[in-house]
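Student: I have the sequence and the model open. Could we go through a few helices and strands?

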Amino acid sequence: MSSLKNDLILKTLRGEQTERTPVWMMRQAGRYLPEYMVLRKKYSFFERCQTPELACEITLQPVDIVGVDAAILFSDILVVPQAMGLEVQMVESKGPILPDPIKTTNDLNRIIVPDVNETLGYVFDAIKLIKQELNNRVPLIGFAGAPWTLLCYMVQGKGSKTFDEAKEFCYTQPALAHQLLQMITDTTIAYLKGQIAAGADTVQIFDSWGGLLSPDDFENISLKYIRQIVAALKDEAPVIVFAKGAWHSLDSMAATGAAGLGIDWCIKPQLARQFAGKNITLQGNFDPARLLGPISEIQKEVKKMMNAFGPGNHIANLGHGILPNVLVSHAKAFVDAVKNHQFEN
Ligand code: 1CP
């Protein structure tokens with residue numbers, strides 16, 4: 001295999017120096033792109049995920065249109081619960097719905113740790129096609145949801161601000177909760193190994209709801225399982241852990257052996273660096289809503305962010321997914337401002 005033309009992100013994850021800070025955006029393949037909306041009108045969400053040609057086309061859109069330094073596989077974290085045997089519906093303007101969530105031992109008996117080649121082979125096929133079409137322009141990021149974040153949806157059955165039913169499940173039926181978390185963990189390890197074998201250059205674990213847990217609960221319910229996943233993968237590819245809102249545990253996340261840690265916009269980069277330690281790569285942390293403001297303000301705010309992180313050991317990104325109502329020109333202004341940034345010395 002020939003080598004990547006732009007390997008800024010991989011170099012940064014290895015702690016190597018680069019000529020500039022690399023940049024990508026979480027949820028960069030999505031509704032803010034008119035080209036995505038064309039395909040969204042024609043095909044259902046899971047058709048787009050399950051058809052390698054469609055997943056490939058959508059994955060490449062932000063690379064071609066916005067000029068990011070990495071592609072991220074177009075898929076969703078909820079394909080894992082689906083593969084484990086739970087029904088997942090993606091409802092227009094409502095988000096994901098799981099009509100038969102896990103509440104009891106009987107419910108847990110309905111799901112399995114699947115053979116990922118049988119149930120998620122379409123993702124591996126998409127990755128192979130994407131790698132071919134990318135033709136080594138930029139690296140490909142694979143991903144999965146963290147076990148706690150997947151449990152949130154599998155138990156609550158839908159999105160939520162508090163995931164109170166998911167928490168209730170963990171606090172009232174802890175043995176069952178840990179059984180479920182372990183099943184998700186085992187599936188995720190096989191799934192991410194499959195993504196790496198198919199060609200993903202790095203993988204990110206999204207713990208979007210990690211910040212809903214207290215520090216102690218985050219350790220016992222979330223990090224314990226993320227730790228297993230990182231340990232199983234880190235010798236095969238660099239792993240990025242993004243646990244939104246869980247800044248209090250950056251030190252223990254760094255100790256997992258992850259190559260990079262995502263942070264959101266509610267923590268100062270300098271403080272995140274103190275917590276996470278000197279060597280690990282930090283990723284983030286632009287407020288996604290800032291992309292709704294004028295371009296001149298985006299440029300000012302990017303300068304501030306870049307200088308706060310400093311050169312090296314940083315992958316510029318948003319602190320969470322891009323919002324659907326962001327203008328493409330504003331997303332591009334963000335990416336260009338990072339690429340053009342000059343550190344003063
Ligand atoms: O077209 C549409 O309306 C579907 C919107 C959409 C898209 C574009 C969903 C439904 N998923 C995706 C793709 C997706 N999801 C990607 C693609 C790659 C990328 O460009 O980044 C990724 C990485 C995800 C991951 C994902 N899905 C997360 C973790 C990241 C995050 O933003 O926190 C979560 C929590 C989900 C669940 C989910 N899927 C879709 C929605 C709207 C949601 C969130 C629901 C909620 O708010 O609870």
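Tutor: Two strands pair if DSSP finds at least two bridges between them. Helices (H or I, at least four residues) and strands (E, at least two) are DSSP runs, numbered from the N terminus. This is a predicted model: local features need pLDDT of at least 70, side-chain atom pairs count only at pLDDT 80 or more, and totals for chains, interfaces and linings use all residues. Residues are numbered from 1 along each chain as its sequence is written, and side-chain values use heavy atoms, without hydrogens and water.

Student: Which residue of β6 is the bridge partner of Ile 205?

Tutor: β5 and β6 run parallel and are joined by five bridges. In β6, the partner of Ile 205 is Val 241.

Student: How many residues of β6 are buried?

Tutor: Buried means under 20% relative accessible area (1.4 Å probe, protein chains only). Val 239, Val 241 and Ala 243 point one way, Ile 240 and Phe 242 the other way, and all are buried. β6 is therefore largely enclosed by the rest of the structure, the buried count being five of five.

Student: Where is the kink in α12 centred?

Tutor: The bend at a residue is the angle between axes fitted to the seven residues ending there and the seven starting there. Helix α12 covers residues 215-233 and has a kink of about 45°. Among its buried residues are Phe 218, Ser 222 and Tyr 225. The kink is centred on Leu 223.

Note on methods:
Buried < 20%, exposed > 50% of the residue type's maximum accessible area, 1.4 Å probe, protein only.
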